[in-house]
Amino acid sequence: MALRLSVIVLCILLVSCAGLDLNRSDDKRMGKEMRTAMQAYEAKDYAKAKKHLHKVLEIKPNFVEVYYRLGIIAFYENDFLTARNHFERVVAAHPKHTKAQYNLAVANLALAEQHLNFYAAMVDESVDLAGVLKMLESIHEFSGRGQNEAPRDPLDKLAKLLPISESAEPVQVA
């Protein structure tokens with residue numbers, strides 16, 4: 001009886017240790033993928049960054065910082081709908097993530113600009129577009145486009161003015 005109990009305890013310990021090794025292996029792999037993704041991101045190699053960020057998500061599917069970075073990359077690639085979806089995921093998991101809140105607003109403005117431009121191009125010539133043109137002008141003014149100074153990155157423009165808080169830190173969602 002004692003031998004049987006010892007064998008069971010030993011099996012449980014071996015399985016537990018194997019699980020720890022797998023977790024360490026996953027953590028190492030995730031760290032490597034995240035470092036590679038961030039290096040590619042800094043080098044503006046967004047295709048490579050996305051590839052490695054998606055590999056991180058295979059290991060930790062709810063890693064909010066990855067969705068935040070994917071949102072920024074999508075915005076840089078003018079894929080505003082995808083950017084909005086990524087930022088919405090971050091905000092849903094972490095409502096106080098101020099930079100994601102700001103970037104979500106900017107992505108929504110970019111989508112509004114696309115729709116307003118489409119509307120202006122497709123509407124009957126007899127329709128008064130003064131209000132639409134005023135909205136488009138406001139969006140351009142906010143984003144820094146069309147000004148004499150060098151264009152500013154709309155994702156970073158106000159984010160640099162925001163105080164850095166704990167809410168801006170990467171968060172792991174359960």
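**View 1. Helix 2 of the predicted model, end to end.** Helices are DSSP runs (H or I, at least four residues), numbered from the N terminus.

**View 2. The two faces of helix 2.** Y46, A49, H52, L53, V56, L57 and I59 are the buried residues of helix 2 (buried: under 20% relative accessible area, 1.4 Å probe, protein chains only). Seen down the axis, these residues fall within an arc of 155°, so they line one face of helix 2. The arc is taken from the directions from the helix axis to the C-beta atoms.

**View 3. The aromatic cluster of Y41, Y46 and Y76.** Ring pairs link these residues. The structure holds four aromatic pairs (Phe, Tyr or Trp rings, the six-membered one for Trp, with centres within 6.5 Å). R69 lies over the face of Y41, at 5.2 Å from the ring centre (cut-offs: NZ of Lys or CZ of Arg within 6 Å of the centre and within 35 degrees of the ring normal).

**View 4. H86 in helix 4.** Helix 4 spans residues 80-93. H86 counts as buried because its relative accessibility is 15%. Leaving aside neighbours within four places in sequence, H86 is in contact with Y67, L70 and G71 (heavy atoms within 4.5 Å).

**Notes.** Residues are numbered from 1 along each chain as its sequence is written, and side-chain values use heavy atoms, without hydrogens or water. In this predicted model, local features need pLDDT of at least 70 and side-chain atom pairs count only at pLDDT 80 or more, while totals for chains, interfaces and linings use all residues.

Methods:
Phe/Tyr/Trp six-rings, centres within 6.5 Å; stacked < 30°, edge-to-face > 60°. Buried < 20%, exposed > 50% of the residue type's maximum accessible area, 1.4 Å probe, protein only. Expected span 1.5 Å × (residues − 1).
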